[in-house]
Each structure stands twice: as C-alpha cells, then as structure tokens.
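Please examine the sequence and the structure shown below before reading on.

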Amino acid sequence: MERSESQAPRSPGEPRPPRRRDRHGRGMRGPVAPPQVPLSASRADTFADLVQDSVERLERRWPQLAEVDFLVLEVPRLTAEDEAWGGDSVPLGGTIPAREDSPARVVVYRRPIEIRTKGRDERAALVHDVVVEQVAEVLGLTPETVDPRYGDEED
C-alpha cells in the first residue's frame, strides 16, 4: 500500500499541524465574548469605572482632586475602635486625611453600594453621591458646593 504525501509519517522534531476541530468534530471552542464586549468586564471593573467617571466629572470643576487618591474596596474593615458607625449602618465610603508622606484618600466601598441599588443607573447615581460626599469632606466644603446637582434624582 502506498502512502500519499499528506499521510507521510512525521519526523519526531516536526510540529503537528494545527487542529481545525476538537476530537468530537464540533470545532474549536473559544471565549464566550471578546474582551471588548461589556459581558467580559467583571462587576468590580464596572464599579471602578463608575467611580472613575464620577472623579473625572468632579476634576473638571476641582483640579486639586488630581492630588487625591481614589480607592475602591470591597467592604469596610470593622474594628472594635469603629464606634462612630453606631453599629446600625455600614458606611458607603470614607476618607483618609493627607499625611506628609501620602496624599488624601477617598475610599468607596463596592459591596454595600451594590446591595443598596438595583440597576446600573441607580448604582451610578449612588456612587456619584458617595464620591461627592467624600470629596466634600476632603476639601472641607458642603456636597452642594462640590457638585450643585448633588442629591438630584436626574444625574
């Protein structure tokens, strides 16, 4: 029996040709969605984008915010010294004052905000309100001064 060239035995160092189908003949499986599609963004990434959008919106009015660090944490750390929270509510954000070796920081807690909101628009509005409140604390101003639309239903 003669072998055709396509059936010629491979030498040991020769790579295999790429497979066009899986072993069941169904084709190669790939990702469910390409990386550009929002489906592939995690909830944490989407939340961080909401915070970043709010920060960029405020930086146009308050350029000094470029010197403030904005952080997103999953949940606040509760310690025995945290009596100021009263135990009945969980904070949605917080601030860390500037020190000589580090800038002021604004912290937004993702899970408490996600639990209190139902949709993306509601979440975006609450995130913006929390960022405005924390920025107001850092700047020593009222939230209405930081963003005149603070608290409005239409953001």
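The model is predicted: local features need pLDDT of at least 70, side-chain atom pairs count only at pLDDT 80 or more, and totals for chains, interfaces and linings use all residues. Residues are numbered from 1 along each chain as its sequence is written, and side-chain values use heavy atoms, with hydrogens and water left out.

A nonpolar core is a set of buried Ala, Val, Leu, Ile, Met, Phe, Trp, Tyr and Cys residues joined through side-chain atoms within 4.5 Å; buried means under 20% relative accessible area with a 1.4 Å probe, protein chains only. The largest such core has 20 residues, and Ile113 is among the members that touch the most others. Two or more residues come from each of α1 (43-61), β3 (105-109) and α3 (120-139); helices (H or I, at least four residues) and strands (E, at least two) are DSSP runs, numbered from the N terminus. The largest share, 6 residues, belongs to α3.

The table lists contacts (heavy atoms within 4.5 Å), not counting residues up to four places away in sequence.

| Residue | Touches |
|---|---|
| Ile113 | Phe47, Leu92, Val108, Arg123, Leu126, Val127 and Val130 |
| Arg123 | Phe47, Leu50, Ile113, Glu114, Thr117 and Lys118 |

Arg123 lies in helix α3. Between Arg123 and Phe47 there are 8.6 Å in space, C-alpha to C-alpha, and the two are 76 residues apart in sequence.

Residues of α1, including Phe47 and Leu50, meet residues of α3, including Arg123 and Val127.

Key:
Buried < 20%, exposed > 50% of the residue type's maximum accessible area, 1.4 Å probe, protein only.
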